[in-house]
Amino acid sequence: MEHLKDTFKHKGRRRQLIEELAQMGIQDQRILSAFDAIPRHYFLDLAFDEQAYTNMAFQIGSGQTISHPYTVAYQTELLQLEKSMRVLEIGTGSGFQTCILCKLGVKVFSIERHQPLHNKAKRMIDFFGFNASLFFGDGYKGNRVYAPYDRILVTCGAPDIPEVLLEQLKIGGLMVIPVGEGAEQKMLRIHKTSDTTFTSEEFGTFKFVPMLERTVK
Ligand code: SAH
């Protein structure tokens, strides 16, 4: 990773993106600062270097994409994070969102079903020196070992709300999950009010790559 360089140009473009995110309604200063601290171009192929700070998704291999910066910021805001919370992320992908969460001082457990993406994201976490736990596995199963979680973040489009994930959420906890069968999903925030009761809020339409079962080597 020695080739990772954060130039004056990158920094300038990043500031512009942060400005854009603020104009789009991201208000939490801690989240905007985290975007400044984690260079997004580090997570992308050199081919996308020039565009890394536009509000776009890019291919990251294994047929997957890094989420739009706005989507990452928006999902993060919906999580209402507090320091030291335990957060389970489904869909590590590039690891960019994982690093944003780490920067906000939470303990992240993240699952990815594609082995090459998992391996690469792990290297990124090490590069930044974050203390996150990354797993190669099927997010549909969650991760019982470290449950329950204060927050669960799903970064792929789920056809429905996985029961197992609800079980692994703390009472009083929140899960942010895009839910929908087709190309588009509704962003839901589920609040677990007791072992068996939940309330749900809806936050607009998004486009994620699908949440699929089983792992891919
Ligand atoms: N936060 C990531 C999003 C990547 S796209 C980023 O910004 O880079 C969503 C990711 O979810 C993909 O990498 C995909 O492989 C993964 N995914 C899909 N279904 C999954 C499952 N059942 N378990 C774990 N990861 C899954």
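Two strands are said to pair if DSSP finds at least two bridges between them. In this predicted model, that condition applies to strand 4 (residues 107–112) and strand 5 (residues 133–136), which run in the parallel sense and are joined over four bridges.

**Strands 4 and 5**
- Within the parallel pairing of strand 4 and strand 5, Glu112 stands opposite Phe136 in strand 5.
- Strand 4 and strand 5, taken together with helix 5 (residues 115–128), make up a β-α-β unit that is right-handed.

**Strand 7 and its partners**
- Strand 7 (residues 169–179) is largely enclosed by the rest of the structure, because eight of its eleven residues are buried, where buried means under 20% relative accessible area.
- Strand 6 (residues 149–154) pairs with strand 7 in the parallel sense over four bridges, and Arg151 is found opposite Leu174 in strand 7.
- Strand 8 (residues 185–192) runs antiparallel to strand 7 and is joined to it by six bridges, with Ile177 standing opposite Leu188 in strand 8.
- Five residues lie between strand 7 and strand 8, and the two strands form a hairpin.

**Helix 4 and the residue after it**
- Helix 4 (residues 96–103) is mostly covered, with seven of its eight residues buried.
- The buried residues in helix 4 are Phe96, Gln97, Thr98, Cys99, Ile100, Leu101 and Cys102.
- Just after helix 4 comes Gly105, which takes a positive phi of about 85 degrees.

Technical notes
Residues are numbered from 1 along each chain as its sequence is written. This is a predicted model: local features need pLDDT of at least 70, side-chain atom pairs count only at pLDDT 80 or more; totals for chains, interfaces and linings use all residues. Side-chain values use heavy atoms; hydrogens and water are left out. Buried means under 20% relative accessible area, exposed over 50%, partly exposed in between (1.4 Å probe, protein chains only). A crossover is right-handed if, with the strands pointing away from the viewer, the path from the first strand over the helix to the second runs clockwise.
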